[in-house]
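The following note sets out points for a colleague who is examining the model.

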Amino acid sequence: MAPSPFTLFWAWLTALISALSLGPSFAHVLEALPRLKVWSPELWRETTVFNGQYLLFERVGAPLDVAAILLPGILTFLVRRDSAAMITAGGATLFYALALVLWFALVAPQNQVLATWTPGPLPTDFAAVQWGWETGHMAVAAAKLIGFAFLALTLLLIGRSQPAG
């Protein structure tokens, strides 16, 4: 049975929102090596903590991250009659949810410490906090990437029942 136009629209919207959620996380990964290997600790702290470099990651990224869980969850329900698509959509939902859990478990505690830092000498726990923050973002990005791969497979599975041409 071919998917309804609403299901196709929902699948498209889910892919769009999920990609927008993955984007900032992937950007964190791309920026990590220079931040860890090239930047001085002072530059890292100034950029990350004091100058609002990641303000929009919170204001735009957080709602996208929640939507990237809800939309695939609804897609899972919409494709429930197609067991393969339902399983992969469910996988996408679970990995995007895992990404949010990882953010709260790994990144949020570092953000709480960063919020206490003040200008002046580097805190004694700088290296540990920096490493936890960076690797936490890498773990989040990895979970989202796996979730997006599941979602891409879902889109292919939904499309397989479409007539050619």
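1. Buried means under 20% relative accessible area, exposed over 50%, and partly exposed in between, with a 1.4 Å probe and protein chains only. On that scale Trp-103 is partly exposed, with a relative accessible area of 27%, whereas Phe-104 counts as exposed at 53% relative accessibility.

2. The model is predicted: local features need pLDDT of at least 70, side-chain atom pairs count only at pLDDT 80 or more, and totals for chains, interfaces and linings use all residues. Residues are numbered from 1 along each chain as its sequence is written, and side-chain values use heavy atoms, with hydrogens and water left out.

3. Helices (H or I, at least four residues) are DSSP runs, numbered from the N terminus. In helix 2 (residues 41-50) the buried residues are Trp-44, Arg-45, Thr-47 and Thr-48. These buried residues pack against helix 1 (5-37), helix 5 (83-114) and helix 6 (126-159).

4. Ser-21 is in helix 1 and is buried, with a relative accessible area of 1%. Beyond its neighbours within four places in sequence, Ser-21 is in contact (heavy atoms within 4.5 Å) with Leu-64, Asp-65, Ala-68, Tyr-96 and Lys-144. Leu-16 is also placed in helix 1, but is partly exposed at a relative accessible area of 36%. Leu-16 and Ala-68 are 52 residues apart in sequence, and their C-alpha atoms are 9.2 Å apart in space.

5. Which residues lie nearest the centre of the largest pocket? They are Tyr-54, Phe-57, Glu-58, Trp-103 and Asn-111, out of 27 lining residues. A pocket is an open set of points, on a 1 Å grid over the protein atoms alone, where a 1.4 Å probe fits, with protein on both sides within 12 Å along at least five of seven lines; lining residues have an atom within 4 Å of a point. The largest pocket holds about 640 Å³ of space, a volume being the space filled by probe spheres set on the points. Helix 5 gives the largest share of its lining, 6 residues. At least two lining residues come from each of helix 1, helix 2, helix 3 (55-59), helix 4 (61-78), helix 5 and helix 6.

6. The second largest pocket has a volume of about 330 Å³. Its lining has 14 residues, and Met-1, Pro-3, Leu-78, Val-79 and Arg-81 lie nearest its centre.

7. The structure holds 9 aromatic pairs. Rings of Phe, Tyr and Trp (its six-membered ring) pair if their centres lie within 6.5 Å; planes under 30 degrees apart count as stacked, over 60 as edge-to-face and the rest as tilted. The pair of Trp-44 and Phe-126 is edge-to-face, because the ring centres are 5.5 Å apart and the planes stand at 85 degrees. Trp-44 lies in helix 2 and Phe-126 in helix 6, so this pair ties together parts that are 82 residues apart in sequence. Trp-44 and Phe-126 are both buried. Trp-103 and Phe-104 also form an edge-to-face pair, at 5.1 Å centre to centre and 90 degrees between the planes.

8. Ring pairs join Trp-44, Tyr-54, Phe-57, Trp-117, Phe-126 and Trp-133 into a cluster. Elsewhere, Arg-80 lies over the face of Phe-77, at 4.0 Å from the ring centre; for Arg this requires CZ within 6 Å of the ring centre and within 35 degrees of the ring normal.
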